[in-house]
Amino acid sequence: MLQAFIGPIAELAGGWLNAKTQKQAADAKLKLTEAEVKGKILLSKETSIADWERIMAQGSQSSWKDEYFVIILSIPLILCWIPGTEGWVDRGFAQLSKAPDWYFYSLGIAISASFGVRGVQKFFKR
């Protein structure tokens, strides 16, 4: 009589263990699939960024806009060291202080794009 009870109880316990094992295996497979998908997304993102940077570098090989901005931004610095031209720099910056904010944002974006600076929006959030 005891054997009549042990057989069904053992089957019940075995079925429960089997179901638990299958659930754990399914959970592990789901986590592995999620990790693989996240890895592919990150790889795709990095590949896209690298491709964009390569294209921008190729496009700027024959461009003078970087040099233009360097020259323009260097003029006040150079004039500060030339006797008699300091006033021009002072008056120029006084005039620039009257410019609207959108002008400086636009100029900053143009310079950042010229030099290939990504993430310029972080700078303007300050």
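1. Confidence first. This is a predicted model, and the mean pLDDT of the protein is 77, with 70% of its residues at 70 or more. Where pLDDT is low, the predicted coordinates should not be read in detail.

2. Overall layout. The protein has five helices and zero strands, so, going by the DSSP runs, the pattern along the sequence is simply α-α-α-α-α. One of these helices is α1, which covers residues 2-59. Another is α4, at 101-115.

3. Burial and surface. Of the 126 residues, 7% count as buried; the cut-off behind that figure is under 20% relative accessible area. The exposed surface comes to about 10900 Å², and carbon and sulfur atoms supply 67% of that area.

4. The salt bridge. How many salt bridges does a search of the whole structure find? It finds one. The partners are Lys23 and Asp27, whose side chains meet at 3.2 Å, N to O. Both sit in helix α1, and because they are four residues apart there, about one helical turn separates them.

5. Setting of that pair. Asp27, with a relative accessible area of 34%, is partly exposed.

6. The nonpolar patch. Six names to look up in the viewer: Phe93, Leu96, Trp102, Tyr103, Phe104 and Leu107 make a nonpolar surface patch of about 580 Å². Which helices each supply at least two of its residues? Those are α3 and α4. The biggest share comes from α4, which gives four residues.

7. What I'd take away. To sum up, this is a helical model without strands, with 7% of its residues buried. It has one salt bridge, made by Lys23 and Asp27, and a nonpolar patch to which α3 and α4 each supply at least two residues.

Key: Residues are numbered from 1 along each chain as its sequence is written. This is a predicted model: local features need pLDDT of at least 70, side-chain atom pairs count only at pLDDT 80 or more; totals for chains, interfaces and linings use all residues. Side-chain values use heavy atoms; hydrogens and water are left out. pLDDT is the predictor's confidence in each residue, from 0 to 100. A salt bridge is a side-chain nitrogen of Lys or Arg within 4 Å of a carboxyl oxygen of Asp or Glu. Buried means under 20% relative accessible area, exposed over 50%, partly exposed in between (1.4 Å probe, protein chains only). Patches are made of residues with over 30% relative accessible area and no salt bridge: like charges are joined within 9 Å, nonpolar side chains (Val, Leu, Ile, Met, Phe, Trp, Tyr) within 5 Å. Accessible areas come from the Shrake-Rupley method with a 1.4 Å probe; for residues, only the protein chains shown count as cover.
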